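Q: I'm new to this one. Could you walk me through how to read a few of its features?

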Amino acid sequence: MERTRFDPAYGGAGILIYRFFIIPLLFIGCGSVDTHLPYPLTISEEGLGAIHPDTPINQVNTLLSGFEFDKLSQVSSDRNSVILQMKRGTHPIAQIVSDESGKKIAAIYINSNLIKNKQGIGLGEPLPQNDQIRCDGPECISKNEPSVHYRINPANRTILEITFSRL
């Protein structure tokens, strides 16, 4: 069997160059949606990125562009609470829960280590032990950010949950 060779005069070398660049880009790009955010998001006393407690729940998806939002449920017929699942690719990264009126944000639950606090710490990382952080068992609150709550593993102080709530 004879190997065929593309003549460079007809673009044969160009095909090899394109293969060299395109194939790695396909593999690199496959998981990037799930492992990177389009811009850094911080959970803080003000809220999550551009959204805060006074943000109307129906404006969340326009203020946080580059994410998908699924309306998970309306809790009950007598309450109008809404839960929005914020996703990047196929991975949920946060849940945004409305107040009982269904109009404003009551709580934000962080589900991904891609979202960090102001100190750059996220889920799965150790919460520093200092004078600014007060813990009662596994529940911790920063004195500077009382609306941001942490649930940690007391043995190694690893952050298990981050919740924003002003209730």
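Q: Where is Arg-157 placed?
A: Arg-157 sits in the loop between β9 and β10. Keep in mind that this is a predicted model.

Q: What about the phi of Arg-157?
A: Here's the general idea: most residues other than glycine have a negative phi. In this structure, Arg-157 has a positive phi, near 65 degrees, and is not a glycine.

Q: Is Arg-157 buried or exposed?
A: Buried means under 20% relative accessible area. Arg-157 has 15% relative accessibility, so Arg-157 counts as buried. Arg-88, in strand β4, is at 16%, so Arg-88 counts as buried too.

Q: How many residues does the largest nonpolar core have?
A: In general, nonpolar side chains tend to be buried together in soluble globular proteins. Here the largest nonpolar core has 31 residues, and Val-60 and Met-86 are among those with the most contacts inside it. Elements giving two or more residues to this core include β4, β9 and β10. As for Val-60, the residues it touches include Ile-51, Phe-69 and Leu-84.

Q: Which cysteines form a disulfide?
A: A disulfide is a covalent bond between the sulfur atoms of two cysteines. The structure has 1 disulfide, formed by Cys-135 and Cys-140 with sulfur atoms 2.0 Å apart. Their link is right-handed, with 105 degrees about the S-S bond.

Q: Is Cys-140 buried or exposed?
A: Cys-140 counts as buried because its relative accessibility is 1%, whereas Cys-135, at 32%, counts as partly exposed.

How values were computed: Residues numbered from 1 in each chain as written. Predicted model: local features only at pLDDT ≥ 70, side-chain atom pairs only at ≥ 80, totals over all residues. Heavy atoms only, no water. Helix = DSSP H or I, 4+ residues; strand = E, 2+ residues; numbered from the N terminus. Buried < 20%, exposed > 50% of the residue type's maximum accessible area, 1.4 Å probe, protein only. Core = buried A, V, L, I, M, F, W, Y, C linked by side-chain atoms within 4.5 Å. Contact = heavy atoms within 4.5 Å. Disulfide = S-S within 2.5 Å. Lists of a residue's contacts leave out its neighbours within four places in sequence.
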